[in-house]
Amino acid sequence: MQGMMDALVKREDGKGLDLVKVPVPEPGIGEVLIKIHKTAICGTDVHIYNWDPWSRQHIRPPMTIGHEYVGEIAALGPGVHDYRVGQIVSGEGHIVCGHCRNCRAGNGHWCKFTKGVGVDRDGAFAEYLRIPETNVIAISKDISEDIISFFDAYGNAAHTATMFDVVGEDVLITGAGPIGMMAAGICKQNGARRIIITDVNDYRLAIAKKMGASQTVNLKHENLEDAMKNQGMVEGFDVGLEMSGNGAALNQLLKSMRNGGKVALLGIAGPGTVIDWNDVIFKGLTLQGIYGRKMYETWYKIIAMIEAGLDLNPIITHRFHYTEFEQGFAAMNSGESGKVILNWA
Ligand SMILES: [Zn+2]
Ligand SMILES: [Zn+2]
């Protein structure tokens, strides 16, 4: 007989989440059951918690949310031979079709039929999670579980920050949320020369500085041109990473690029965002949209970068038990936070 477990569920149309009992899922053919140790709260979860227009359109309650997690394998469904019970794992949050053109070309992150864990199907804010074995990522016990809990978000940061060569390059990051903070650390470790990051939040910029930014710019009372001059920059940024989703930030980034510069766009642009296309055309800019992480090359890289010494601890600012989830979401909504971790042990 199936047992019951605690889960954070979006039960109905409206703000907030409920901590309720739901059945423990049973792993089917080719699936793995994971006992969750820790989860991290993503900006997406905050959108769903706040029940903003995007979530009202995309989320079908009732559903358990959450997609950033670490746990251990609790059970294997029929036909799973590559994993064993007790292994420490996280998982890719996009469950892809496996047979479309992009999937078969090894570009699963572009699958048109992708289903998101904690977005389109039950997620990880629960005592147990069931996912296909293809999505399981085994991770060494030597890496701290606090850090593994947000590998999904770290993967977004890494996919963006490694899209273009940053060795010896001057990098502009717009947006110092947890993803921007991590991107600063990744660019630093990967050999960027100057890393300037912009935001309007001093708390977050201070963490980005700790992660390796050469200079931070609070656009409320500082300007980017002064920072560039101060850093001795002449021609503009070689690589731009847009991580804010803010139209003004995107335009400033395009204006600040060197001719021939390369731009990776992760921040989700608001409806009706307008850019000056002549910045792109006359400067010969390359623009690359980023979605998710490469499946599974980015996972390989993010584990390797941690093993090579990248320290993500500065971005963890809050830890709560899952029963205190309201405090976790309040911390995220306050803006005075980096990564917020919920403990499920
Ligand atoms: Zn996320
Ligand atoms: Zn596909």
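Helices and strands are DSSP runs, of at least four residues for helices and at least two for strands, numbered from the N terminus. On that numbering, Tyr-296 lies in the loop between strand S16 (286–289) and helix H11. The model is predicted. The peptide bond from Met-295 to Tyr-296 is cis, with omega near 5 degrees.

A cis bond also joins Pro-61 to Pro-62, with omega near 0 degrees. Pro-62 belongs to the loop between helix H2 (53–58) and strand S4. Trp-51 is not a glycine, yet its phi is positive, at about 55 degrees. This residue has 18 C-beta neighbours inside 10 Å and therefore counts as partly exposed.

Strand S4 is part of an open sheet of 3 strands. The order is S2-S1-S4, and the pairing is antiparallel. Strand S2 (18–23) and strand S4 (63–64) are the edge strands. Each has a single partner strand, so one side of each lacks a neighbour in the sheet. Strand S1 (residues 4–10) pairs with S2 in the antiparallel sense over 6 bridges. In this pairing, Leu-8 is opposite Leu-19 of S2.

Helix H5 packs against two helices, H6 and H11. The axes of H5 (residues 151–161) and H6 (residues 178–189) are 9 Å apart, at an angle of about 55 degrees. The two helices are therefore oblique to each other. Their crossing is right-handed. From H5, the contact draws on Ala-153, Tyr-154, Asn-156, Ala-157, Ala-158, Thr-160 and Ala-161. From H6, it draws on Pro-178, Ile-179, Met-182, Ala-183, Ile-186 and Cys-187. The residues of this contact comprise 11 nonpolar, 2 polar and no charged.

With H11 (residues 297–307), H5 makes an angle of about 100 degrees, and the axes are 9 Å apart. H5 is therefore roughly perpendicular to H11. On the H5 side, the meeting residues are Phe-151, Tyr-154, Gly-155, Ala-158 and His-159. On the H11 side, they are Thr-298, Trp-299, Lys-301, Ile-302 and Met-305. This contact has 6 nonpolar, 3 polar and 1 charged residues.

Helix H9 (residues 247–255) contributes buried residues: Ala-249, Leu-250, Gln-252, Leu-253 and Leu-254. These pack against both strands and helices. The strands are S11 (171–174), S12 (195–199), S14 (237–242) and S15 (257–265). The helices are H8 (224–230) and H10 (277–283).

Technical notes:
Residues numbered from 1 in each chain as written. Chains lettered and ligands numbered in written order. Predicted model: local features only at pLDDT ≥ 70, side-chain atom pairs only at ≥ 80, totals over all residues. Axes fitted to C-alpha atoms, helices over the stretch in contact; angles between N-to-C directions. Parallel < 35°, antiparallel > 145°, perpendicular 65-115°, else oblique. Left-handed = near helix turned anticlockwise from the far one by under 90°. Contact = placed C-beta atoms within 7 Å. Nonpolar A, V, L, I, M, F, W, Y, C, P; charged D, E, K, R; others polar. Buried ≥ 20, exposed ≤ 12 C-beta atoms within 10 Å, placed from the backbone. Pairing = 2+ DSSP bridges.
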